[in-house]
Amino acid sequence: MIAKIIKFELQSRLFGRTSILFFLMLVFQGIWYTKGTYDYYANDAVLMNGASIFYRNFAGGGMIMVIMVAIVTGTALYKDLQHKTGYWLFTYPIPEKAFFLGRFISGYLLNVLIATGYFFGMLLVPYVGLGPDSVFGDAPIGQMIHGFIIFSLPNLFLLTSVVLASVVIFKRLAAGYVFVMLIVVLFIVMESVSGTNFNPILFLVDPFGFLLASEIGKTMTALEKNTAYLEMTDYFLLNRLVWLSISTALFVVAYRKFSFKYFINKNQKQTSLPNQVTSQATSKTTSKTTQPYAFIPSLSFSTKAYLQKLINLSILEFKNIVRPWGFKIVLGIILLMVLLQNLLFNATYYIGAQVAVTSNFTLCRLTFGVFIIMIVMLWAGELFFKDKTVKIWQIMDALPVPVWVTQLSRFVAISGVSLIFSVFFILIGIVTQTIQGGADAIDLKLYVYDLLGYNWGWLTYLLHIALVFFIAGITGNRFITHLVSIGYFIGNIIFFDMGIAEELRFGYALVPGLEDYSNVIGYGIFETSAFWYFVMWASLAIIFILLGIQFWGRGSVTSFRHRFNFASSQLNVSGKIVMVILVGIFAYLQYFIYENVNQKNHFELEVQANANDAEYERKYGYLQTVTQPKYDDLQLQIDLFPEQNKAIYKAKIQLENASLKTIDTLFLNFKDFLEIKKISLNNKVVEPIWANEEQLIWAYLFPSKLDSNTVAILEIEAEKQYEGFPQSPDDMALDLIANGSFGSLREFLPVIGFDTDKMLKENRKRAEQGLEKLSSRIPKVADKIHSKSDIYAPDANWITGKVIISTNSQQVAISAGNLTKKWKVNGRNYFEYQVRQKSPFDWYLGSSELTISAQNTPFGKVEIWHHTAHNYNIVYYHEIMGKALKFVSQNLGKYPFSEVRLVEIPFYYDDAYAFPNVIALNEKQGWLADTSAIDEKAYLHQSIAAEACKHWFQQNLQIANVQGADMWQTALPEALALQFVKEQLGEQAVRTLITKKQTVYNRERHNDSNGEPPLLYSDSPDYLAKSKGAIAFYDIIQTVGFQEFLQNFLTWQKNHQNNWVQFVDFYHSLLNLSTSKAERQKIETEFNFSEKESTPQNN
Amino acid sequence: MALEIKNLSKRYPNGVRALQDVSLTIGKGMFGLLGQNGAGKSTLMRTIATLQDADKGTVHFEGIDTFKNPHELRQILGYLPQEFGVYPNVSAEELLSHIADMKGITNPQERQEQVEELLHRVNLYKVRKKRLDGYSGGMKQRFGIAQALLGDPKLIIVDEPTAGLDPTERNRFYNLLSEIGENTIVILSTHIVEDVSTLCNDMAIIGEGEVLLTGSPEQIEQSLEGKVWEKQIEKSELESYQQNLHVISYRFHLGKMLITVIAEDLPDGDFWAKSPTLEDAYFHTLYSKN
């Protein structure tokens, strides 16, 4: 019997339209996800059809898979209720349990067979033109089958069990949708909160095993990623076991519960009462029928009456949605999850526990946004087709009510329903914020902006409801409406997330800056750009609504051609005029945004930017070997106008030709948005002999040739102003923003010669642009030219200088050096900074609204410049700063500065900067940390001490611009900071930090675009020195002893004080000083071992 | 007051010709539209009720061109479709009140009065607070009747209205319709001949999208006066009679087969004359068409 049922079900459904459509969509998803995962792994040795990419795909499953299961599976049982076939089918002599088993197995098999589309899609990847042949290898068929077996089969079993158990228990198809969505929410939440730390609970709770697949994949080498079978770790097996058990339990519950009598008698209890009442009522009211039908009510069909109907209907529809228990259950579950997230998960969202500021409590809109929007879209689709679904359309469509009243009322109702979510999110946020002691920091304006606005809040929901409205109007089919609208929504997000689409003006309802709230400056410029994007989408949404009204199929479904008749009167003339005006407004806003983002703010697609960089390298690569003078002294006067994103400045730069050659031409690379007013060389105004304004490089002849060991004076008068607005932080003018400006002086001053910042460093991108792959991202140790140039600024000597910087009256200006003077003129604040001792030219400036807290220590004056509201840890920072300066002074030597400023900067910038007299920490590096726990204490100690140590290294080591430089720049200061933490907080605190560093290293090393180098030859990838390098040094310090290590190092440093130093030299010195073979081997292993080659490296 | 249907034709995308040049003039009172399943009755009803466009032809009522101004017709229309559903989560009273509002009864007091009256008339008053998904098929049908009568409809279209009603409720409905039909046009679409003969003063028979016959039930019945004959036969003889005579119907009575034949004269001595009924006329019309 079971076999017969399965055979019939598969025959009748497998080749149906829905199955084939989903199969094809999954083929597409297989291709599309593979590309996305490939982009996620930046390492150029990873193949696009590598095994680990496919494992990740199978584990994720994808939204189309989930939607497919939700739609396809429930029908296996529900169709007998839906089409009332159960009334006769269930009278047949079929064993009930066999029937259930047959339907369950056929539903599961159907899912599995359709899901093979995903498999085929992945197989097709090499043949659809996604990349050159070199990025594809042989298809890892065995690994793919393995992935399908360990992920797809159990995950589909889980989803099938969830859907069919829900359908059996609730006897509603919608119950299946809801519970599948909840599984997806669980998955999304687990993925969102997993963060950087390995948390076994999250990995077990992840229903699809995706987090583990992802985590295991991250720790694999490129070769393993391409070819290896996924390691079945204990956690992995446990995860699979847990979810298989849950799936089986659901299956058993459904199996036991299912019976024909139970399943078919949906309304048995409800129908008994009316029948009794009817029979009683019959006799009583029979006499009434003899009375005349005389009551004639007055009728009104005025516009006012229709508006009143719109309100009444909206209220009625709203009540109809919120009344059922199903809605209350879904709402309750979501709110509970938001509550839990606010109470538990936000606390570890960033670096560690944070104080309860409002921005933490509006994050739920991002975590749950995708799900909420999907569910709202589904409800909207159901509501718009409600009359057709319940088959009352013939009655309702024949009523004398215009389409705009009935359909708009539904739009309003579903908008009201989504408002419930947003309002509850606000209430839960306020309550949880208060519970966590953040009552004083409640920012109602931010709650409203985030949760009711267009930053993935309520207004975003409305935009998506409008989209459904439009799609419903043009398709006239509920199923297609769901498919197209949800499909578009997911595609929209994923395309931008993957970088397949880059211009937000083409992503309906997307606005810039969603995740870019700064506790220092709010959304900053993104408030402006998001506003204009929203206005544009709002105009399109209204067009969608009007078109939805115009095309809504009233009455019997008619052909597309018939319904796409603009002449029909469903939308009146006024509506059509409004629509035409809105089309004009939308087109203008598209242009306006294009003008501001692309033209004024110089946005370019990644491929364009890469092509430009490649062209720069091709054209001007020769400059790498052309002798140029170097910065030797700087006098800068710069006036900042933050509110205008503008700076006007004059720079006087002393250039030195320290080479043996005579120089006749000066090559200057400027940054974008600069307008050079005047360039003088040795007091003579000069014009460029050639310029490439596309590549931002200018060439000037010296008035008289610059001989060896002579200097020249370069004077620059320029103005910089950013215009337009950005669409992402990548395009943002960070050095000149309304509040929180911060940037390198090189944003204003030229790079001399060849600008290595413009080189494409990722080998995959280089290959795409036809450039030779790099064996090292910075010069090799043997490079004779660069071994005598500075790692911080190859075009500069160590320099002295003075910066006079002014800003508006509300802000303070920051620069490198001692603050020697400050004054006010014409309502502007002026600051004079002087760098009196020669320093590497890696200086920054900035301007912000900050409060200053000063304290003197025996080792120097400490000032903390912080956002006024972020005063939570100021006392603690002072304490740590005092200890850190003492640590540096006592262990390394005199702290190089008599005054030091710890400055808070927005999170757009890197975590931390150290430059003369300044340590700049971004807002997420502890300013808001809850420092009651050891983890956060350790983090703050470590981050401040590391920057203080960097100050010492910057002033005491002339680090050559060759491989291994970041061991001095970063690794050793970080290791010393770990030692500082050990001394201050104990070994356990250090272990916590080392675990974090190890996690970062494990995660990032195989994502290294060019392959991980050994530490000795590190070519400065972002992750290596701070994680593996710091741990390696710390281990050696612990092995040889801190004092002994210091003594060796300081001795070596004194011997090389006035020389350019290379890490490789210190490494050999360490080896020579090592007292045992074991110690020597340890040093070799730590610094000169690459897993890529599995052997010690010789460069 | 008259509904003028002229040259109405409709072909569905699958090629079925649902209406073929249908022309009818329907005056005040009950008008019966009789036809087999799939004859085109519901298509015609939906077209009149502004729910479907025709390929050709016009429908006018009281000066309203219903294709050009469907909204005007909807203001005076009461429509009960053949099949309909209800919103599951609302009560009959709520939904009727909502529909009354949609039909233009904006005064809440009046709305409530009419809803209550109709709930009494269709015998649903006691269960008016009950959710509609708890209603039986007959109760839903009575609800449908009530909604069609809301407002002040001048044109009432009821498509298979007595389906699912027990005899008591069917009678109640007949009474209600005949009261209403005194001042309005009521179009009753059905395949139950008795409904038409009981209620309608005018009627049409429709088959394969064409109007086959129009007139009053009496006229149509009388047109067969003296031409309807009946005979008891053996079941095995049916085929032979069908080949030789104009057999419009056959049925069993007391275990024996009775055939009804149309003929100008007595076919043979075993036949007896039958007083013509509307059903005979209906079968005759369909037989002639085929």
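A residue counts as buried if 20 or more other C-beta atoms lie within 10 Å of its own, as exposed if 12 or fewer do, and as partly exposed in between; the C-beta atoms are placed from the backbone. By this definition, helix α3 (residues 92-102) of chain B is mostly covered, with 9 of its 11 residues buried. Helices (H or I, at least four residues) and strands (E, at least two) are DSSP runs, numbered from the N terminus. The model is a predicted one, in which local features need pLDDT of at least 70 and side-chain atom pairs count only at pLDDT 80 or more, while totals for chains, interfaces and linings use all residues. Residues are numbered from 1 along each chain as its sequence is written, and chains are lettered from A and ligands numbered from 1 in the order in which they are written.

The buried residues of α3(B) are B:Ala92, B:Leu95, B:Leu96, B:Ser97, B:His98, B:Ile99, B:Ala100, B:Asp101 and B:Met102. They pack against α4 (108-121) and α5 (137-149) of chain B, and also against α15 (303-322) of chain A. Just after α3(B) comes B:Gly104, with a positive phi of about 105 degrees.

Helix α3(B) also belongs to the contact between the chains. Two residues are in contact if their C-beta atoms, placed from the backbone, lie within 7 Å. Chain B gives 55 residues to this contact and chain A gives 44. On the chain B side, α2 (70-74), β6 (77-80), α3, α4, α5 and α6 (167-180) each supply at least two residues. That side divides into 20 nonpolar, 19 polar and 16 charged residues. Here Ala, Val, Leu, Ile, Met, Phe, Trp, Tyr, Cys and Pro count as nonpolar, Asp, Glu, Lys and Arg as charged, and the others, Gly among them, as polar.

Chain B as a whole has 10 helices and 14 strands. Its C-alpha atoms fill a box of roughly 70 × 45 × 35 Å, taken along the principal axes. Of its 290 residues, 49% are buried. Among its contacts between residues at least 6 apart in sequence, 68% join residues at least 24 apart.

Two domains are assigned in chain B: domain 1 (2-215) and domain 2 (222-289). Such bounds come from an automatic or database domain assignment. The domain centres, taken over C-alpha atoms, are separated by 34 Å. The contact between them takes 9 residues from domain 1 and 6 residues from domain 2. On the domain 1 side, α7 (193-199), β9 (202-207) and β10 (210-215) each supply at least two residues. The largest share, 3 residues, comes from α7(B). By class, this side has 6 nonpolar, 3 polar and no charged residues.

Two strands pair if DSSP finds at least two bridges between them. Strands β11 (residues 228-233) and β13 (residues 256-262) of chain B are joined by 6 bridges in the antiparallel sense. B:Lys231 stands opposite B:Ile259 in β13(B).

Chain A is assigned domain 1 (2-263) and domain 2 (302-509 + 528-554). The centres of these domains, over C-alpha atoms, are 27 Å apart. In their contact, 17 residues of domain 1 meet 19 residues of domain 2. Helices α2 (17-40), α4 (63-82) and α8 (173-193) of chain A each supply at least two residues of the domain 1 side. The largest share, 11 residues, comes from α8(A). This side divides into 12 nonpolar, 3 polar and 2 charged residues.

A nonpolar core is a set of buried Ala, Val, Leu, Ile, Met, Phe, Trp, Tyr and Cys residues joined through C-beta atoms within 7 Å. The largest has 400 residues, and A:Leu26 and A:Val180 have the most contacts inside it. Helix α26 (residues 525-551) of chain A gives the largest share of this core, 17 residues. Apart from it lies another core of 7 residues, including B:Trp229, B:Val247, B:Ile248 and B:Val261.
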